[in-house]
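Q: I would like to learn how to read the features of a model like this one. Can we take them in turn?

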Amino acid sequence: MTEKQERILKSALELFAKEGYHATSTSKVSKHAGVSEGLIFRHFKNKEGLLMAILKEGENKLNELFADIVMESDPQEVIRKAIELPFIVPESEYEFWRLQYKLKWEIEMDYSHKTEPLTMALALAFVKLNYESPQQEAEFLTLSLDAIGAALIKRSMANADKMKSFLLKKYGL
């Protein structure tokens, strides 16, 4: 990816996250990025193409974050790594993740397929640990971690370390 393409994506990310996807024009993105609007169309076709490039990057980042968990064979480590996941996201990436959460509502994106690998790895871990309802436990933990991630990104969680400790203790880790 060229430097200009990266600037375009970074500007679109910032503006979509702050002002919303529908409220942000390609003209505004081009001005913010310091490039011509035609360059956006050349590289991304249209505003939706620009959004899809950002979402693809998000899916790649999510897969990277899940890879270590999915490849883990020790069921307790799967659960521990999953619990730690929202707490290890660097603050420098919060704007990116803020946009992902915002888009869930603004364009009614369905994210369930993106978290499937995590839920499946957790369900298998709970099966190995003889939980009574492994699939429901996995879905519960996945949804809880999603909510925790949102709270961390919004900076609305008073004491993240206590929450992380609570979850680790709850699952005997």
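Q: In what order do the elements of the chain run from the N terminus on?

A: This is a predicted model, where local features need pLDDT of at least 70 and side-chain atom pairs count only at pLDDT 80 or more, while totals for chains, interfaces and linings use all residues. Residues are numbered from 1 along each chain as its sequence is written, and side-chain values use heavy atoms, with hydrogens and water left out. Helices (H or I, at least four residues) and strands (E, at least two) are DSSP runs, numbered from the N terminus. Here the order is α-α-α-α-α-α-α-α-α, with nine helices and zero strands in the chain. The C-alpha atoms fill a box of roughly 60 × 30 × 25 Å along the principal axes.

Q: Which residues have the most contacts inside the largest nonpolar core?

A: In soluble globular proteins, nonpolar side chains tend to be buried together. A nonpolar core is a set of buried Ala, Val, Leu, Ile, Met, Phe, Trp, Tyr and Cys residues joined through side-chain atoms within 4.5 Å; buried means under 20% relative accessible area, exposed over 50%, and partly exposed in between (1.4 Å probe, protein chains only). The largest core has 48 residues, and Ile 8, Phe 16, Leu 50 and Leu 122 have the most contacts inside it. Leaving aside residues up to four places away in sequence, Phe 16 touches residues including Tyr 21, Leu 50, Ile 54 and Leu 99, where contact means heavy atoms within 4.5 Å. Buried residues make up 42% of the 173 residues in the chain.

Q: Is Ala 53 buried, exposed or partly exposed?

A: Ala 53 is partly exposed, because its relative accessible area is 22%. Ala 53 is found in helix H4. Not counting residues up to four places away in sequence, Ala 53 touches Leu 9 and Phe 44.

Q: What is the volume of the largest cavity?

A: Rolling a probe the size of a water molecule over the atoms shows where empty space is left. On a 1 Å grid over the protein atoms alone, a cavity is a set of points where a 1.4 Å probe fits but cannot get out, and lining residues have an atom within 4 Å of a point. The volume of the largest cavity is about 360 Å³. Of its 21 lining residues, Leu 62, Trp 97, Tyr 101, Leu 145 and Asp 146 are the closest to its centre.

Q: Which element gives the largest share of that lining?

A: Helix H8 does, with six residues.

Definitions and conventions. 1 Å grid on protein atoms, 1.4 Å probe; cavity = no way out; pocket = protein on both sides within 12 Å on 5 of 7 lines; lining within 4 Å. Points joined across faces, edges and corners; volume = space filled by probe spheres on them.
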